[in-house]
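Please have a look at the model first.

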Amino acid sequence: MAKGEGAESGSAAGLLPTGILQAGERPVQVKKEPKKKQQLSICNKLCYAVGGAPYQVTGCALGFFLQIYLLDVAQVDPFSASIILFVGRAWDAITDPLVGFCISKSPWTRLGRLMPWITFSTPLAIIAYFLIWFVPDFHQGQTLWYLLFYCLFETLVTCFHVPYSALTMFISTEQSERDSATAYRMTVEVLGTVLGTAIQGQIVGQADSPCIPDANASTVNRTQSSTSIKETQNAYLLAAGVIASIYVICAVILILGVREQRESYETQQTKQMPFFRGLRLVMSHGPYIKLIAGFLFTSLAFMFSATVTIPIWQWFLTRFGKKTAVYIGISSAVPFLILVALMESNLIVTYVVAVAAGISVAAAFLLPWSMLPDVIDDFHLKQPHIHGTEPIFFSFYVFFTKFASGVSLGISTLSLDFTGYQTRGCSQPARVKFTLKMLVTMAPIVLILIGLLLFKLYPIDEEKRRQNKKALQALREEASSSGCSDTDSTELASIL
């Protein structure tokens, strides 16, 4: 008897009543092998992590330089610039739940449910990004031009980033593997912020863009200034081309190097859940609300970058727990922010504060994103028959991140307008300097304290995580057993 035939007969015999079996035959018991842990290779984790770079590289370039570009290169007035920045970020935040809704309605394809969104949004996002940094010949409709392409790019990059964020739940069923992949991702994303700032800064910095001492500058100075502005515009376009190339390369690596996986118990769910019912369930899940509330305030506080400390925080959270790491990591920047507020401008102090902020921001980057899958696992245990909510969780999570960014950009730009910011001026009024100092010191400190207070209410500690892991494993084994029973029943019907 062939090996395959014996396995089939044994499976069917185990289901037949004893009276049907011939004399002398005994039912063959099929032993179930324990399911092996789903290990991700380093290559898989790196390919997944590289996919986080496009959002950070473009976002950092826009976050650090778009305000300067609008004011000093495109020469948009401060009020119009604040409208562009705030409306653009507000629209960006609104698109997250909309894209999450569309993804939740998307069917599974050969590429998966999330990968098609990443694939088809990439080329369009590149075109829109390039046009943001192009100065049109007409001056009358410049505000509308920048608002249109800024909103269009943010919509397309949302179609990339929301499914990419939700992909965390579909690369592995193991919590430890997802945490490890998240650490890889956060490391690359932090490096992406450094890369975006470095590329944009180095290329744009090569162009000479002198300041204008006063409004009554001579005609010669005005002509030289116009020439230098044209060079600066070309430098911004060159930087946009380089960053767009990085976007495409990272997207290709992600698409080719990561495979989307479907949960075994999700395949048994045939009826699709309405989006608004899923939204109501997600927004009524206590741990998720507490997590995004704490993350919102810490996101408002931190807009810096960190490079080498994410692996350290990954070790720390596995050793001492995620809540402990949140408190120690995020609060570590407060003393240094106070130092900036109290001391006069000093280059060495600035470097020390930058390093300290980087260490703290590494925790702010890594920890909330590694805690979100725990919240989703907790939700799945409490709502075991509800599936397809991952895009809703991640889209609203990203929504609050972008909301924080939009509020910070809008308030800072409006503050410059109210305090008398001089476009391309060689010096600024004392009110402008004082306002900037308050925005980067006292405001973050207050927001950090609010965020940490909210994190105190977060209910999923290490013991709860272990309990959820065991319960989820039991749920998966039950789903696998159910699948095996269906197969055996089909084999039995064929034999009979």
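Leaving aside residues up to four places away in sequence, phenylalanine 65 touches Trp133, Thr197, Gln200, Gly201 and Tyr236, where contact means heavy atoms within 4.5 Å. This is a predicted model, in which local features need pLDDT of at least 70 and side-chain atom pairs count only at pLDDT 80 or more, whereas totals for chains, interfaces and linings use all residues. Residues are numbered from 1 along each chain as its sequence is written, and side-chain values use heavy atoms, with hydrogens and water left out.

Phenylalanine 65 sits in helix α3, residues 53–73 (helices are DSSP runs of H or I, at least four residues, numbered from the N terminus). With a relative accessible area of 13%, phenylalanine 65 is buried (buried means under 20%, exposed over 50%, partly exposed in between, with a 1.4 Å probe and protein chains only).

Turning to ring pairs, the whole structure holds 14 aromatic pairs, counted when the ring centres of Phe, Tyr or Trp (its six-membered ring) lie within 6.5 Å, with planes under 30 degrees apart called stacked, over 60 edge-to-face and the rest tilted. In one of them, tryptophan 108 and phenylalanine 170 have ring centres 5.9 Å apart and planes at 70°, so this pair is edge-to-face. Tryptophan 108 is partly exposed at 23% relative accessibility, while phenylalanine 170, at 1%, is buried.

Tyrosine 129 and tryptophan 133 also pair edge-to-face, because their planes stand at 70°, with centres 6.1 Å apart, and both residues are buried.

Conventions: Helices (H or I, at least four residues) and strands (E, at least two) are DSSP runs, numbered from the N terminus.
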